[in-house]
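Here is a short note to read alongside the structure. Keep the viewer open and check each point as you go.

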Amino acid sequence: MFPRYGFPALFISVALVGAIEAQQPTFSQTSAAKPPNVLFIAIDDMNDWTGFLGGHPQAVTPHMDRLAARSLNFTNAHCIAPACSPCRLALLYGIEPFHSGLYPFYDHEQIADSVLRPYTSLPRLFREHGYQALGAGKIFHGSVELPDDWDDYQPREKASLQYASELGYQQGESSKMAFCPTTNPLVDHPDYRATSYGVDVLSRDHEAPFFLAVGIVKPHLPFVCPPRFFEMQAKEIVPPPIEPTDLADVPWIGRSMAKLGDDHQFREASAWTPVRRSYLACISWADYNVGRLLDALDASPHAENTIVVLWSDHGYHLGEKRSFRKFSLWEESTRVPFLLMDTRQQEVPIDRRSDEAVSLIHIYRTLGELCGLNVPDYVDGFSLARLLTNPEQQLEEPAITTWGRGNYTVRDDHHRYIHYFDGGEELYDHRRDPQEWNNLAGHPDYAALQAKLREKLPGREEPLVREGLALWNVIDADQPGKLKKFKKTTWQNWLEKIQPKLK
Ligand SMILES: [Ca+2]
Ligand SMILES: [Ca+2]
């Protein structure tokens with residue numbers, strides 16, 4: 001990999017000496033091949049409702065679309081876990097939840113040192129190789145970032161935003177369940193400030209290469225952003241395809257993952273349209289901020305020596321499978337935007353795409369290869385760097401998504417297989433059933449395929465890490481008892497009271 005970009009041998013040897021020396025990089029500005037910078041754009045809760053993925057026909061995302069046109073667009077990319085904390089921990093430490101035991105929600109700063117000591121975070125890996133690691137906004141999940149990870153980090157500020165709820169929808173007094181424009185100037189919004197930090201870093205000269213992480217929080221709840229991004233949206237929002245009795249052929253653990261209560265409340269309040277419109281508005285707002293970063297990069301001294309990776313930590317349900325938010329193993333929750341651009345590549349064709357099923361777990365090794373880092377042996381996944389020059393290349397391994405110990409989905413190029421901890425299974429053929437409505441598990445015609453995909457389930461499952469556990473909202477091998485309560489209350493309630501109204 002090194003000869004491909006003429007990576008200086010001196011730099012590699014320096015990198016091996018250790019963190020202290022490595023933080024004072026010795027390669028010179030005159031070196032012909034300075035290591036590439038990295039612009040790492042982490043987006044929160046953005047599903048495939050973008051122009052470049054086509055998940056919603058009315059999505060307005062001109063800036064991400066222009067990034068996609070210059071990038072390799074992974075059109076079949078999936079999260080490592082369908083929730084902020086476990087996906088980010090896995091991506092940033094490069095280890096699958098079933099190998100670390102970090103399955104559900106942890107606040108990064110509250111996990112015991114002994115748990116994280118064997119692992120090297122991505123920003124820290126860059127630091128150990130002479131980079132400056134600079135970050136702003138939501139990168140890990142939690143209220144603070146660990147100081148050893150960063151040379152400089154602009155913490156997330158608590159926003160004080162005013163909502164124009166009369167122009168959208170707000171559920172009671174809840175500031176989290178708000179779906180409407182804000183009335184504040186742009187600069188009051190945390191995503192604007194995090195992006196401004198990035199713009200400032202990009203605009204300056206730097207002696208050492210940088211790993212710059214910018215975490216954009218929208219479209220995470222509440223779905224609020226400046227009014228102009230609401231005005232960009234269509235008045236009538238096309239609803240996603242929904243099959244009312246979709247959950248009937250889904251096993252119990254799968255049913256327990258659907259947020260039936262949210263769906264019911266939005267239906268009762270006729271609020272799905274403003275909820276979806278607000279989600280699209282917040283995506284356009286995130287897109288605007290991505291555009292600011294791209295403009296700053298293009299105008300900067302780093303315009304031809306920077307790797308850009310953009311990803312979202314998981315997808316989102318907006319009524320499909322009677323659910324809202326993430327926290328499930330279906331396509332809506334797992335499919336994510338994932339763009340990779342190497343600005344050192346000149347005159348590459350536009351609109352390169354790979355339709356191979358890939359997991360975000362590969363980002364760690366991909367950046368490692370592109371930047372010539374020595375990636376620790378424990379790191380899961382493999383580098384996708386070769387696809388930048390050969391997007392047609394086929395990959396043998398499917399993408400795995402984990403949600404609680406024992407609950408996994410295997411996504412290959414055309415199928416999704418789900419296996420819950422109690423043996424429940426789902427199987428979908430995306431060529432005939434892109435909405436995952438028809439569960440084929442147990443169908444004799446698909447027995448061989450089902451067995452083949454079942455073989456891809458994790459072979460080694462680490463026990464749950466209990467230190468730092470913040471929230472425990474999934475029925476899995478560590479909390480099977482919740483299933484009985486779910487069957488008795490939630491599902492019965494839904495079946496008897498809510499379901500008849502939906503027909
Ligand atoms: Ca998230
Ligand atoms: Ca179904």
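This is a predicted model: local features need pLDDT of at least 70, side-chain atom pairs count only at pLDDT 80 or more; totals for chains, interfaces and linings use all residues.

The points below go from the whole chain down to single residues.

1. Next, the overall make-up. The protein chain holds 17 helices and 21 strands. Its C-alpha trace spans about 70 × 50 × 45 Å along the principal axes.

2. Now packing. Of the 503 residues, 52% count as buried. Take the contacts with a separation of 6 or more: 73% of them join residues 24 or more positions apart.

3. Look at one sheet. Strands β17, β18, β19 and β20 form an open sheet in that order, with antiparallel pairing. β17 (399–402) and β20 (425–429) are at the edges; each has a single partner strand, so one side of each lacks a neighbour in the sheet. From one strand to the next, the twist averages 15°.

4. Zoom in on one pair. β18 (residues 408–411) and β19 (residues 415–419) are antiparallel and share four bridges. Which residue of β19 is the bridge partner of V410? It is Y417.

5. A helix covers part of this sheet. Helix α16 (residues 447–454) lies across β18, β19 and β20. It runs at about 65° to β19.

6. Finish with helix α12 (residues 260–268). L260, D263 and F266 are buried there. They lie on the same side of α12, because they cover an arc of only 135° around the axis. Just after α12 comes S270, with a positive phi of about 50°.

Notes
Residues are numbered from 1 along each chain as its sequence is written. Chains are lettered from A and ligands numbered from 1 in the order in which they are written. Two strands pair if DSSP finds at least two bridges between them. Helices (H or I, at least four residues) and strands (E, at least two) are DSSP runs, numbered from the N terminus. Axes are lines fitted to C-alpha atoms, for helices over the stretch in contact, and angles run from 0 to 180 degrees between N-to-C directions. Two residues are in contact if their C-beta atoms, placed from the backbone, lie within 7 Å. A residue is buried if 20 or more other C-beta atoms lie within 10 Å of its own, exposed if 12 or fewer, and partly exposed in between; C-beta atoms are placed from the backbone. The arc is that of the directions from the helix axis to the C-beta atoms.
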